Amino acid sequence: MSRRSPLFSLSALTRAYRRNLKAFARATKPVRAAATKPVRAKAVAVSRALPKAAPVARTPRKPLPASGEWIAGIAPGPAGARRFHLYVPPGLALRSGEKLPLLVMLHGCGQTGRELAASSRMNRLAVRHRFLVLYPEQERLANAHGCWNWFDRRSGKADAEAATLLAAIDLVARRHPVDMARVAVAGLSAGASMAALLAARYPERFCAVAMHSGVAPGSAESAATAMAAMHGRREGHLPDPPQALAANGAVPAPLPPLLILHGDADHVVSVRNAAATAELWAQALGARAGPMRTLQRGRRHAVRVTEYKARGRIQVTLREIVGLGHAWSGGAPGLHYSDPAGPDASAQVWAFVARQFKKV
């Protein structure tokens, strides 16, 4: 049997290395893609350490808005590089010197940023109200199931990911007309918990934070304790107060106002987490709960609303949505982690965020 010479093998390895290098260069180069490109969902499994919320997401039937830009990029940070997509509304070039608000949207486990964009339809609101939307992407090397590691503070992974997300925001702000005085962060499930951690560690950087179906950061230290916290089964454990999560141990700035949305039929993340998070955040801001009221429009899910005020201002708003499971309320139909029955979480998130922007 003939054998290939070492010279032949070396040449083949060299060619393969060059091909891989070119592919990596193409992948890391910012790409501008038409916003009309339809979303392709990928089959993913949910982490064994976390309960399964739903099977593989279906391909969204409707594309992103027909106007504007969908820009891909990569941001390096303490946790390594993270990909992101930025949605830029149309007509930006027509208004020279304009600075736009930025809303950061963090996806949940078993989900991608593009899928959250399709489900929430936040980009449509961005067109109407003229703001930028940033969708960071968790790497599967960091978490095999695409979960943000909000709970893993013991190893430093959670704090490193929060710092990397902040680096992504700064990178986008250097390349695009972002008004850094008007930045907010929102998320779903694990993304909601990471959004709260990000706002607690860097409160001076955000005007508002919105959590949809998440757990308070500081409620867990590992995947196992995260699962217990998600189910509301950590009796006797007192979560770290939000102000204790500040970066570098510095005296933190006041926490930004918080909006919490959570379904009372959520069997993945117990609705008990919503009230617990609201109480923690309110205590840090010196806010007290007002009377609960119930709202309902048409056939949409009813909502129990509790507002926590300090010095005459609403600091925390808790919205418990009757009959909603583990899904984005009022999301696009036909998608997992999305309930079209409403009410419209995206409209509520933006209305809450916009009120805080007006105070800047």
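I began with burial: buried means under 20% relative accessible area, exposed means over 50%, and partly exposed lies in between, with a 1.4 Å probe and protein chains only. By that rule Phe357 is buried, because its relative accessibility is 7%.

**Entry 1: ground rules.** I noted that this is a predicted model, where local features need pLDDT of at least 70, side-chain atom pairs count only at pLDDT 80 or more, and totals for chains, interfaces and linings use all residues. Residues are numbered from 1 along each chain as its sequence is written, and side-chain values use heavy atoms, with hydrogens and water left out.

**Entry 2: aromatic pairs.** I looked up ring pairs next. Rings of Phe, Tyr and Trp (its six-membered ring) pair if their centres lie within 6.5 Å; planes under 30 degrees apart are stacked, over 60 edge-to-face, and the rest tilted. How many aromatic pairs does a search of the whole structure find? It finds four.
Trp70 and Tyr135 make a tilted pair, with 5.5 Å centre to centre and 50 degrees between the planes. Trp70 is in strand 2 (residues 69-75) and Tyr135 in strand 5 (residues 132-136), so this pair ties together parts 65 residues apart in sequence. I take helices (H or I, at least four residues) and strands (E, at least two) as DSSP runs, numbered from the N terminus. Trp70 is buried at 1% relative accessible area. Tyr135 is buried too, at 0%.
Trp350 and Phe357 make an edge-to-face pair: 5.9 Å between centres, 65 degrees between planes. Trp350 is buried at 10%. Phe131, Trp350 and Phe357 form one aromatic cluster.

Entry 3: I turned to the second largest pocket, which has a volume of about 400 Å³. Of its 18 lining residues, the closest to the centre are Leu295, Arg297, Arg319, Pro343 and Gln348. On a 1 Å grid over the protein atoms alone, a pocket is an open set of points where a 1.4 Å probe fits, with protein on both sides within 12 Å along at least five of seven lines; lining residues have an atom within 4 Å of a point. Grid points are joined across faces, edges and corners, and the volume is the space filled by probe spheres set on them.
Which element gives the largest share of the lining? Helix 8 does, with five residues.
I also noted Pro343 in the loop between strand 14 (338-339) and helix 8. A cis peptide bond joins Gly342 to Pro343, with omega about 5 degrees.

Entry 4: I found Leu188 in strand 6 (residues 178-188). Leu188 is buried at 2%. Not counting residues up to four places away in sequence, Leu188 touches several residues, including His107, His212 and Trp328; contact means heavy atoms within 4.5 Å.
Ser189 lies in the loop between strand 6 and helix 5 (190-201). Ser189 has a positive phi of about 60 degrees, although it is not a glycine. Is Ser189 buried or exposed? Ser189 is buried, at 11%.

**Entry 5: Arg121.** I checked Arg121, in the loop between helix 2 (113-120) and helix 3 (122-129). Its phi is near 55 degrees, a positive value in a residue other than glycine. Arg121 is partly exposed, at 26%.
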